[in-house]
Amino acid sequence: MDTIKKTHRDYQAIIGGTAASSRNYLEKRWNQYYFKTYKHVVSRMIGGLESCAGKTVLDVGTSHGNWYSFLKGQGFANLLGVELDPGRAELAKKSGYTEVYNCDAANIPLPDKSVDLAVSNDVFVHILQLEDKAAVLKEIQRVLKPGGVFIFNQTMSPAHGVRNFTIDKHCSYLNLDELIRLVTENTGFSIEDIKPTYFSFGNKHFSLIANILRHSFILIPGGVSLRFRRDLLLSGILSLEQSDSVYLKLRK
Ligand SMILES: C[S@@+](CC[C@H](N)C(=O)[O-])C[C@H]1O[C@@H](n2cnc3c(N)ncnc32)[C@H](O)[C@@H]1O
């Protein structure tokens, strides 16, 4: 039996599949949709230009630099990134970040209390082990200034048909209680806000016909916006855990 725990480092080559690496039109449309829902939540949590202008932001897990334009548009003056994969770190640096550190986010070469805001999108789902997620949270807490904010998302286990913490190949899922415990037991962050993102209802269990319909819908003109608006409606009705991933806003 294989008793060696797999970590994010074992899957480094395949966990950068993002908006920048869509292989076809269908993937592009899905990525547009995910990005739209994420940007909607993150911009509401960041809270406007006056809280960003002239400040330093740290993007944890930049991949190719997909979030650069959005963060620049928020008014940050100093845009830093951390990325595990050397090739993707280099691409992110070329996209415009002031600096991208090619290292694990559990060990960032930045001084204590040097960052105003940190953000991390679709990264914690790939940090498989709880102790590694905790190490990254502690490191972000260290580099944030007092009063600084960390906004990140984590994929929910109930939305993926499992109740508790589960590792499934290169992804790991938590329920909301486990996520809150991970934060409160390992850091002094206070949790200021939690928001859902999108609802796909465990699509890997869908029948072939249902999947064809889902994909056709996203392809029609306006399909991305319609699905986005459907999610806004659902977020008023369904529980946070039924959303595929939730965002947390933490304050140091
Ligand atoms: C799915 S991509 C998301 C990229 C980008 N944030 C986005 O939303 O498009 C996850 C990225 O996080 C990086 N990553 C995962 N674990 C990391 C860690 N512990 N430290 C630094 N980077 C990490 C991966 O190499 C990968 O490029």
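Predicted model: local features only at pLDDT ≥ 70, side-chain atom pairs only at ≥ 80, totals over all residues.
Let's start at the ligand: 23 residues surround the ligand, and the closest are Gly-61, Ser-63, Leu-84, Ala-105 and Asn-121.

**The annotated domain**
- An unreviewed UniProt entry places the feature "domain: Methyltransferase type" at residues 58-152.

- Seven strands, in the order β3-β2-β1-β4-β5-β9-β8, form an open sheet with mixed pairing.
- β3 (99-101) and β8 (190-196) each have a single partner strand and stand at the edges, so one side of each is left without a neighbour in the sheet.
- From one strand to the next, the twist averages 15°.
- Strands β4 (residues 115-120) and β5 (residues 144-155) run parallel and are joined by five bridges.
- Within this part of the sheet, Val-115 stands opposite Leu-144 in β5.

**Helices on the sheet**
- Helix α4 (residues 130-143) packs on the sheet, where it touches β1 (56-60), β4 and β5, and its direction makes about 150° with that of β5.
- Helix α5 (residues 176-186) also packs on the sheet, touching β5, β8 and β9 (245-251), with its direction at about 25° to that of β9.

**Where two helices meet**
- The axes of helix α1 (residues 25-46) and helix α6 (residues 208-219) come within 9 Å and cross at roughly 75°, so α1 and α6 are roughly perpendicular to each other.
- Leu-26, Arg-29, Trp-30 and Tyr-33 of α1 make the contact with His-215, Ile-218 and Leu-219 of α6.
- The residues of this α1 and α6 contact comprise five nonpolar, one polar and one charged.

Conventions. Residues numbered from 1 in each chain as written. Near = placed C-beta within 6 Å. UniProt positions renumbered as here; feature names shortened; annotations may be inferred. Axes fitted to C-alpha atoms, helices over the stretch in contact; angles between N-to-C directions. Helix = DSSP H or I, 4+ residues; strand = E, 2+ residues; numbered from the N terminus. Parallel < 35°, antiparallel > 145°, perpendicular 65-115°, else oblique. Contact = placed C-beta atoms within 7 Å. Nonpolar A, V, L, I, M, F, W, Y, C, P; charged D, E, K, R; others polar. Pairing = 2+ DSSP bridges.
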